[in-house]
Amino acid sequence: PFCCTACCSRGGSLRRGRMVGFGKRIKDLCEDRPEWSSYYVDYKSLKRLIKMIGAGEEVEAAEEGYNLTLEAEVAKVESLFRCKESVFTTELRQLRKRVMALTDTVEGASDCKTIVQLLELLQDREEAVLLQDLLSFAKAVDDLREFVFANAQATIKINKKHDKNSKFKLREQYCTVLHKCLFYTSTQFGLLICDAKTLVCQLMEKLGGHSAAPEMFRCDVCSHVFNNPLYLKCGHSACFRCIPPTNLYKDRRCGVPGCTEEFKFDHDNVQVYSLLRMLQQTKFTLQTGPSGPSSQASLEHATHPSPPPGNDQ
């Protein structure tokens, strides 16, 4: 069953200014997808090697170990990305066939204000299963996007620490390395993200007659269809590949014509623009509870119903 807690709650620090440590950020992402945890850049091991370099302990061996380790870490990120990109492309093709097979709108779907209401309306219908499968797929794609962004940041951040402790400077070199990695530049993955969002919107249109506004698909920097969109502190949205790796460690303007705000492109100022949030902004409003927006809790309840009283689990 689909659960949107993680992808709805991410980005709260962007709006409220709450600082989250990078190590904690990686830990949270690993808890979301424990099966991917061994594929994240091993930030702690690399920091230990940097301490040896800074302390002057067997510097040459530590430098060589650092370089070989970081090279292997980037390679394993690339390995998981290539595998998942292929799997997701196949899954999206199958989902598209199921969406295109729908012919009739569902009475009352156009009146639903939240995803929860729509799922309740579609209960016991094949459309409900399809919607949940599509939203689960969108969550998996968003998780891979978070994985990519976090590991790109880890690569830049760890080299920043290295360069402070070593006479050998690697940060600029690894900016170039990132630009050659498929997980940073993949056009196929960008199209997959856009196609997944389009498919969700097509399903909404088939169910209730709603269509998405064209601007929901357009990058504010290049003005083309989004390629892995990010939501920026200044309120604009941009393709991941429209942001140079150097922006991950320096205060820069966002790149949108006319925008003068400068900030560092890290996890406190930039968030993955999740497919679920796009869906909510296109079709739904957040369901408001006593303490504010709570669509994530409501949807989790709808797809993970509580056990009957007296049946503790």
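A: Let's start with helix H8, residues 171–180, where Tyr174, Cys175 and Leu178 are buried. Buried here is under 20% relative accessible area, exposed is over 50% and partly exposed is in between, with a 1.4 Å probe and protein chains only. Helices are DSSP runs of H or I with at least four residues, strands are runs of E with at least two, and both are numbered from the N terminus. Looking down the axis of H8, the buried residues fall within an arc of 115°, so they line one face of the helix; the arc is that of the directions from the helix axis to the C-beta atoms. Those buried residues pack against helices H5 (59–100), H7 (126–165) and H9 (182–185), where contact means heavy atoms within 4.5 Å.

A word on the source: this is a predicted model, with local features needing pLDDT of at least 70 and side-chain atom pairs counting only at pLDDT 80 or more, while totals for chains, interfaces and linings use all residues. Residues are numbered from 1 along each chain as its sequence is written, and side-chain values use heavy atoms, leaving out hydrogens and water.

Now on to H5 and H7. Phenylalanine 88 sits in H5 and phenylalanine 137 in H7, 49 residues apart, and both are buried. Their ring centres are 5.8 Å apart and the planes are at 80°, so the pair is edge-to-face. For the cut-offs, rings of Phe, Tyr and Trp (its six-membered ring) pair if their centres lie within 6.5 Å; planes under 30 degrees apart are stacked, over 60 edge-to-face, and the rest tilted.

Tyrosine 40 comes from the loop between H3 (22–32) and H4 (43–54), 107 residues from phenylalanine 147 in H7. Ring pairs link Trp36, Tyr40 and Phe147 into a cluster.

Stepping back, the protein chain has twelve helices and seven strands, and buried residues make up 49% of its 313 residues.
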